[in-house]
Structure formats: structure tokens, C-alpha cells
Amino acid sequence: MTIIDTGVEDFYPTRVTGKVHPIDRTDPTVWGAPGDGPVDPATLASHEAKGYHIAEGLLSPAEVQTYWQELVRLSGDQELAADERVITEKRSGEVRSIFEVHKISELIAELVRDPRILDRARQILGSDVYIHQSRVNYMPGFRGTGFYWHSDFETWHAEDGMPRPRAVSCSIALTDNYPFNGGLMVMPGSQRTFVQCAGETPADNYKASLKEQEIGVPTEHDITTLAAEYGIDQFTGPAGSALWFDSNIMHGSGNNITPYPRSNIFLVFNSVENALVDPFGAAKPRPAFIASRDFTPVTR
Ligand code: 6CS
Ligand code: FE
């Protein structure tokens, strides 16, 4: 274990030079208990085992329509277009993501505090929680590009200083997720293996990685090994469903060449007991709009 200068032990060293090897996760996947929130015992046990669960119909069709219109409004907001929190598609220049969207949109700020969402995050993480990152992903039709295989925690640990994988992401589908329009793929159970990545983190890596991640990406050998051990599930389902997934689950998505956009609201909750310290594998932390350093718990 290397001790970084804030004295916090690094249980998951990554962005290393030389040979990499998988590290067994020493942390649980679920910190709370069945009685602590809205997730029933069977679903909580499934999340512990597989590292994800799907909340069907979390939002009603009417709510989906409201949030979809909000996404359309945001992507057409000319003032916002020049904001560094708006990431465009590498090739087409279309809006790919908007970060810190819970601070830009009052509607999404309310969604973060909605008990259907907040209480679920608290139950999984077993504590008060704060928003580590929020974004909307547009994944437009025809030219939407996906994300190669990766673990979010590997990046959040290396570049944001997240000590443990005690964070959970909630991806709320605002359009129907089909197998063919860039639906998210996960390797169930892979959250129990921390895949070290080789290669030093370049300065301001996020400027490239949020368009196309090249550093902090596992080797094809590691992905092949993980896929053989855990398999691949794909998140499909109607708009309004939400995929809740562990920060360290291996996941990725394909490109979208269909006419059907695959847009979602993406909220990342981190435990207040897992607040960010100095990055474990980068010279300086990423900007706050990507990795919040305001650890104030979200309250209803
Ligand atoms: O780097 C990040 O924080 C973002 N990148 C990806 C591909 N997924 C997690 C997160 O939104
Ligand atoms: Fe990701």
C-alpha cells in the first residue's frame, strides 16, 4: 500500500507503471440493511451480488416527459452552450453531456432530493450522501458515441481522490433503452475486482477523457478475463426505469447509429464518510463540476 501525503491509505493503487494485477475488493457493495430504505431485501441482496439493480418505472410517463423537455431546453440554451460543463460529441459537435446539471436545472435539483432516489442511495451506501457528480447524457441518434469498458471508481479514485468504492450511480432513462441504441452493458459481480490500469495520468486528462477515455482503461486481456468470469448484462427497458450501479462495476456502451436517442439523467451519490482527498493517481484534482468537493449531505 502506498500512503499518499494526506496520510490516507491507498487500497486501490492504479495508473501504475509496469505490470498491473487485479485487486480483490475489501469493501462491501451494500453498506445499509433491508429495513433502511425503499429497496426490498431480495433486490438489495441482488445488488450486493451483481453490483446493480433496475428500478422499473421509477419515474412516471408524465415525469419522463417533463424531464425530457428539460433536457431539450438545456441542449438548446445558447448561453449554456459555451459553458465548460457542456461536453460535445468529438465528431458531430452535438451536445454529448452536461455536467453539474443538478446545479443548472432546478427540476433536477429536486429530483436529487426525491425520496424515491435519495432514500435508495442512502440505503445502499449506509450513510448520508452528497452528489459527487451529475450529468445528462444525450447519446443522440445516428452519431451518438458510447463509452469504452471502464470502472468509474478507477477514475474517481485516481483523478478525484475518492478513497473507497462507497459510491453508487443512478442512470434514469429518459428514452427507451433498446439493445441496439447504445444501451449500457455491465459485468455483473465485477465490482468485486478492482482492475488496476497502467499509465500515468496526463495533465488535464478530463478534457479528452470525457469525450473518449484512453487512460484508465483496462487491457483487452483484463476485459476478456472479467467477461469470462462475470458475463455481460445489458440495461434495457422503457423510459422512466433507473439503473442503479456500483462505482466499481465494469461497464460500457456501444455507439448509437439508430434514429432513437438514448438519453439519461446520471446522478452519482457518494457517502459523506468517503469524502474526496487528494487524487491517488494524478497530480491535481479534476474541476469541481466533475467531482464535487462540497460534501454537504443532500437533505429532503
Ligand atoms: O470520468 C468520469 O467521471 C465519467 N466518465 C465515465 C465514462 N463514466 C463515469 C463518469 O461520468
Ligand atoms: Fe462510466
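Where is the place of Met-139? Met-139 sits in the loop between β7 and α7 (152–160). Helices (H or I, at least four residues) and strands (E, at least two) are DSSP runs, numbered from the N terminus. The phi of Met-139 is near 35°, a positive value in a residue other than glycine. At 5% relative accessibility, Met-139 counts as buried. Buried means under 20% relative accessible area, exposed means over 50%, and partly exposed lies in between, with a 1.4 Å probe and protein chains only.

A word on the model comes next. This is a predicted model, in which local features need pLDDT of at least 70, side-chain atom pairs count only at pLDDT 80 or more, and totals for chains, interfaces and linings use all residues. Residues are numbered from 1 along each chain as its sequence is written, chains are lettered from A and ligands numbered from 1 in the order in which they are written, and side-chain values use heavy atoms, with hydrogens and water left out.

Now take the whole protein. Its secondary structure comes to nine helices and 14 strands. The radius of gyration is 18 Å, close to the 19 Å that the globule rule gives for 300 residues, so the protein is as compact as a globular protein of that length. That radius is taken over C-alpha atoms, and the globule rule is 2.2 Å times the number of residues to the power 0.38. Along its principal axes, the C-alpha trace spans about 50 × 45 × 40 Å.

Buried residues make up 55% of the 300 residues. The accessible surface comes to about 12400 Å², and 55% of that surface belongs to carbon and sulfur atoms. Accessible areas come from the Shrake-Rupley method with a 1.4 Å probe; for residues, only the protein chains shown count as cover. Contact means heavy atoms within 4.5 Å. Among contacts between residues at least 6 apart in sequence, 85% join residues at least 24 apart.

The charges come next. The protein has 26 positive and 40 negative side chains. Lys and Arg count as positive and Asp and Glu as negative, while His and the chain ends are not counted. The centres of the two sets lie 2 Å apart. The place of a charge is taken as NZ of Lys, CZ of Arg, CG of Asp or CD of Glu.

Which strand is joined to β7 by eight bridges? It is strand β14 (residues 264–271), and the two run antiparallel. Two strands pair if DSSP finds at least two bridges between them. Asn-137 has Asn-264 of β14 as its bridge partner. Strand β7 (residues 129–137) is mostly covered, with nine of its nine residues buried. Three bridges also join β7 to strand β6 (residues 95–99), in an antiparallel run. There, Ile-98 has Val-136 of β7 as its bridge partner.

Strand β14 also pairs with strand β8 (residues 167–173), in the antiparallel sense over seven bridges. Cys-170 has Leu-267 of β14 as its bridge partner. Eight of the eight residues of β14 are buried, so the strand is largely enclosed by the rest of the structure. Both faces are covered. Asn-264, Phe-266, Val-268 and Asn-270 lie on one side, with Ile-265, Leu-267, Phe-269 and Ser-271 on the other.

Follow Ile-265, which lies in β14. At 0% relative accessibility, Ile-265 counts as buried. Ile-265 and Arg-120 are 145 residues apart in sequence and 16 Å apart in space, C-alpha to C-alpha.Another sheet is open, with three strands in the order β11-β9-β13 and antiparallel pairing. β11 (233–234) and β13 (251–253) stand at the edges, each with a single partner strand, so one side of each is left without a neighbour in the sheet. Strand β9 (residues 184–186) and β13 pair over three bridges. Leu-184 stands opposite Ser-253 in β13.

Two aspartates complete the walk. Asp-204 lies in the loop between β10 (193–194) and α8 (206–209). Asp-204 has a positive phi of about 50° although it is not a glycine. Asp-204 is partly exposed, with a relative accessible area of 34%. Asp-294 is found in the segment after β14. Asp-294 is also partly exposed, at 40%. Asp-294 and Gly-254 are 40 residues apart in sequence and 33 Å apart in space, C-alpha to C-alpha.
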